[in-house]
Amino acid sequence: MIKGFIFDLDGVITDTAELHYAAWKKLSDDMGWQFDRELNEKLRGISRMDSIKVIMDHNGVSLDEDTVVELATKKNDIYVESLDDMTPEDYLPGARELLTHLRSEGFRVALGSASKNATKVLKQLNATHFFDVIGDGNSVSRSKPAPDIFLYAAEKLGLPPENCIVFEDAEKGIDAAKAGKFHSVGIGPEERVGHSDIRFDTMKEATLFEVKSYFKDLF
Ligand code: B16
Ligand code: MG
């Protein structure tokens, strides 16, 4: 039976991808690196250090580890500053409604994000109270597609994976959910999250009613 829900943050609760894009773009311009929206798509759901490595590989650049950390920190400073402008108006359409619905029906709810800035994002959205457990980039060391962040969240919720549904917008995020034997809901296009149990184009369509209808034997 389904007792818990685990949510990714960027691309599911809110669209921080645009802010990540602007920060990576600024760093890349300063460094003379090529960076565009297509490359930004490849960073969806992956950690900050993995992200900078993808950008450097794309540009055929190799630097010592200390410099890479320094540059990733620079990008993060730009990103974190931009979060100050985020408000409770910045939920993706449908996300707040779903979280409210889950709370009123008594489900256990966790965050399972790769971001080390997740608590700040939740605070800006005024969303912290929706979550019983916060699993973020500081909770585990192996990032998606490893299932670790979702396993961490489920353990803290006190539930086995088969009692939880994971919501994810990233290809590697769905890989992670499947690797952990969770049920999965994909948010986004077929070519990205078509391997989820059920997929919706946006969070607006992913209502509790639709999710319950699909997983009807589990409710
Ligand atoms: P930070 P999610 C991910 O969030 C983003 O999709 C990804 O683009 C970003 O690199 C990653 O968080 C790390 O974020 O630099 O804030 O630690 O989709 O897992 O909620
Ligand atoms: Mg995401």
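Reader: How many salt bridges does the count come to?
Author: This is a predicted model. A salt bridge here needs a side-chain nitrogen of Lys or Arg within 4 Å of a carboxyl oxygen of Asp or Glu. By this rule, the count of salt bridges is 16.

Reader: Which residue forms a salt bridge with Arg44?
Author: Arg44 has a relative accessibility of 17% and counts as buried. Its closest N and O atoms in the pair are 3.0 Å apart.

Reader: Is Glu65 buried or partly exposed?
Author: Buried means under 20% relative accessible area, and exposed means over 50%. Glu65 has a value of 43%. Its salt-bridge partner Lys53 has 34% and is partly exposed. Glu65 is likewise partly exposed.

Reader: Which residue forms a salt bridge with Glu168?
Author: Glu168 lies in strand E4, and its partner lies in the loop between strand E3 and helix H7, so the pair ties together parts that are 24 residues apart in sequence. The closest N and O atoms are 2.7 Å apart. The partner is Lys144.

Reader: Is Lys144 buried or exposed?
Author: The cut-off for buried is under 20% relative accessible area. Glu168 has 0% and counts as buried. Lys144 has 3%, so Lys144 is buried.

Reader: Which element gives the most residues to the lining of the largest pocket?
Author: This pocket holds about 630 Å³ of space. Helices H1, H2, H3 and H4 are the elements that give two or more residues to its lining. One of them gives six residues. That helix is H4.

Reader: Which residues lie nearest the centre of the largest pocket?
Author: The lining has 39 residues. They divide into 13 nonpolar, 14 polar and twelve charged. Nearest the centre lie Ile46, Ser47, Arg48, Ala114 and Ser115.

Reader: How many charged residues are in the lining of the second largest pocket?
Author: This pocket has about 230 Å³ of space. Its lining includes Glu38, Lys42, Glu171 and Lys172. H2, H8 and H9 each supply at least two residues of the lining. By class there are four nonpolar residues, no polar ones, and a charged count of eight.

Reader: Which side chain makes a polar contact with the side chain of His20?
Author: His20 is in helix H1. It counts as buried, at 18% relative accessibility. Leaving aside neighbours within four places in sequence, the residues in contact with His20 are Asp10, Asn40, Lys75 and Tyr79. The polar contact, at 2.8 Å, is with the side chain of Lys75.

Reader: How far apart in space are Leu111 and Val12?
Author: Leu111 lies in strand E2 and is buried, with 0% relative accessibility. Not counting residues up to four places away in sequence, Leu111 touches residues including Ile6, Phe7, Leu122 and Phe131. Leu111 and Val12 are 99 residues apart in sequence. From C-alpha to C-alpha, the separation in space is 11 Å.

Reader: Which residue has the backbone oxygen that the side chain of Ser196 reaches?
Author: Ser196 is found in the loop between H9 and strand E6. Ser196 counts as buried at 9% relative accessibility. Its side chain reaches the backbone nitrogen of Gly186 at 3.4 Å. The backbone oxygen, reached at 3.2 Å, belongs to Ile198.

Reader: Which residues does Ser196 touch, not counting residues up to four places away in sequence?
Author: Contact here means heavy atoms within 4.5 Å. Gly186 also takes part through its backbone nitrogen. The residues touched are Ile174, Ser184, Val185 and Gly186.

Definitions and conventions:
Residues are numbered from 1 along each chain as its sequence is written. Chains are lettered from A and ligands numbered from 1 in the order in which they are written. This is a predicted model: local features need pLDDT of at least 70, side-chain atom pairs count only at pLDDT 80 or more; totals for chains, interfaces and linings use all residues. Side-chain values use heavy atoms; hydrogens and water are left out. On a 1 Å grid over the protein atoms alone, a cavity is a set of points where a 1.4 Å probe fits but cannot get out, and a pocket is an open set with protein on both sides within 12 Å along at least five of seven lines; lining residues have an atom within 4 Å of a point. Grid points are joined across faces, edges and corners, and a volume is the space filled by probe spheres set on the points. Helices (H or I, at least four residues) and strands (E, at least two) are DSSP runs, numbered from the N terminus. Ala, Val, Leu, Ile, Met, Phe, Trp, Tyr, Cys and Pro count as nonpolar, Asp, Glu, Lys and Arg as charged, and the others, Gly among them, as polar. Buried means under 20% relative accessible area, exposed over 50%, partly exposed in between (1.4 Å probe, protein chains only). A polar contact is a pair of N or O atoms within 3.5 Å; within protein, one must be able to donate a hydrogen and the other to accept it, and residues adjacent in sequence count only if both atoms are side-chain atoms.
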